[in-house]
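Take a moment with the protein shown below. Follow the chain from its start, and then read on.

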Amino acid sequence: MTHKLLNGWTEESHQRKASLVASGHDLGWTTWKSLNRLRVEQGRCKALMKVWNYTTEDTCSCGSVQTMSHLLECADAPRCSPEDLAEPTPSAVACARYWQNDI
Ligand SMILES: [Zn+2]
């Protein structure tokens, strides 16, 4: 009986922990990190790298200024909306994976 109660409690605890982290954690660290950076609009896009004095160039491969919000609408990459990032939808995962080694 006690063993059964402890197993139930442990399972409930794991479910509660999983609900406390941002969705997409099951996609792997690199993709999840990219998703979260796109969600909060903080990451190593060229515009912020220029603000932080790591580069003098803030132009994306498409020719636009590469801000974090631009990454969602860049013509050279899979596009998604902020709402897509929340779930995340397949288009948000594709966008996060495209930028994951850059941001
Ligand atoms: Zn672009």
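The paragraphs below go from the whole chain to single residues.

This is a predicted model, in which local features need pLDDT of at least 70, side-chain atom pairs count only at pLDDT 80 or more, and totals for chains, interfaces and linings use all residues. Residues are numbered from 1 along each chain as its sequence is written.

Start with the overall fold. The protein chain has five helices and zero strands. Read from the N terminus, its elements run α-α-α-α-α. Helices (H or I, at least four residues) and strands (E, at least two) are DSSP runs, numbered from the N terminus.

Now look at burial. The protein chain has 103 residues, and 21% of them count as buried. A residue is buried if 20 or more other C-beta atoms lie within 10 Å of its own, exposed if 12 or fewer, and partly exposed in between; C-beta atoms are placed from the backbone.

Contacts come next. Two residues are in contact if their C-beta atoms, placed from the backbone, lie within 7 Å. Take the contacts in the protein chain between residues at least 6 apart in sequence: 39% of these join residues at least 24 apart.

Next, a pair of helices. Two packed helices are described by the angle between their axes and the distance between the axes. Axes are lines fitted to C-alpha atoms, for helices over the stretch in contact, and angles run from 0 to 180 degrees between N-to-C directions. Helix α2 (residues 29–40) packs with helix α5 (residues 90–99) at about 105°, and their axes are 8 Å apart. So α2 and α5 are roughly perpendicular (65 to 115 degrees) to each other. On α2, the contact uses Thr-31, Ser-34, Leu-35 and Leu-38. On α5, it uses Ala-92, Val-93, Cys-95, Ala-96, Arg-97 and Trp-99. The residues of this contact divide into seven nonpolar, two polar and one charged. Here Ala, Val, Leu, Ile, Met, Phe, Trp, Tyr, Cys and Pro count as nonpolar, Asp, Glu, Lys and Arg as charged, and the others, Gly among them, as polar.

Finally, turn to the backbone. Most residues other than glycine have a negative phi, and most peptide bonds are trans. Glu-41 is not a glycine, yet its phi is positive, about 55°. Glu-41 sits in the loop between α2 and α3 (46–51). It is partly exposed, with 14 other C-beta atoms within 10 Å. Asn-53 also has a positive phi, near 65°. Its place is the loop between α3 and α4. Asn-53 counts as exposed, with 7 C-beta neighbours inside 10 Å. A cis peptide bond joins Glu-87 and Pro-88, with omega about -10°. Pro-88 is in the loop between α4 (82–86) and α5.

Conventions:
Parallel < 35°, antiparallel > 145°, perpendicular 65-115°, else oblique.
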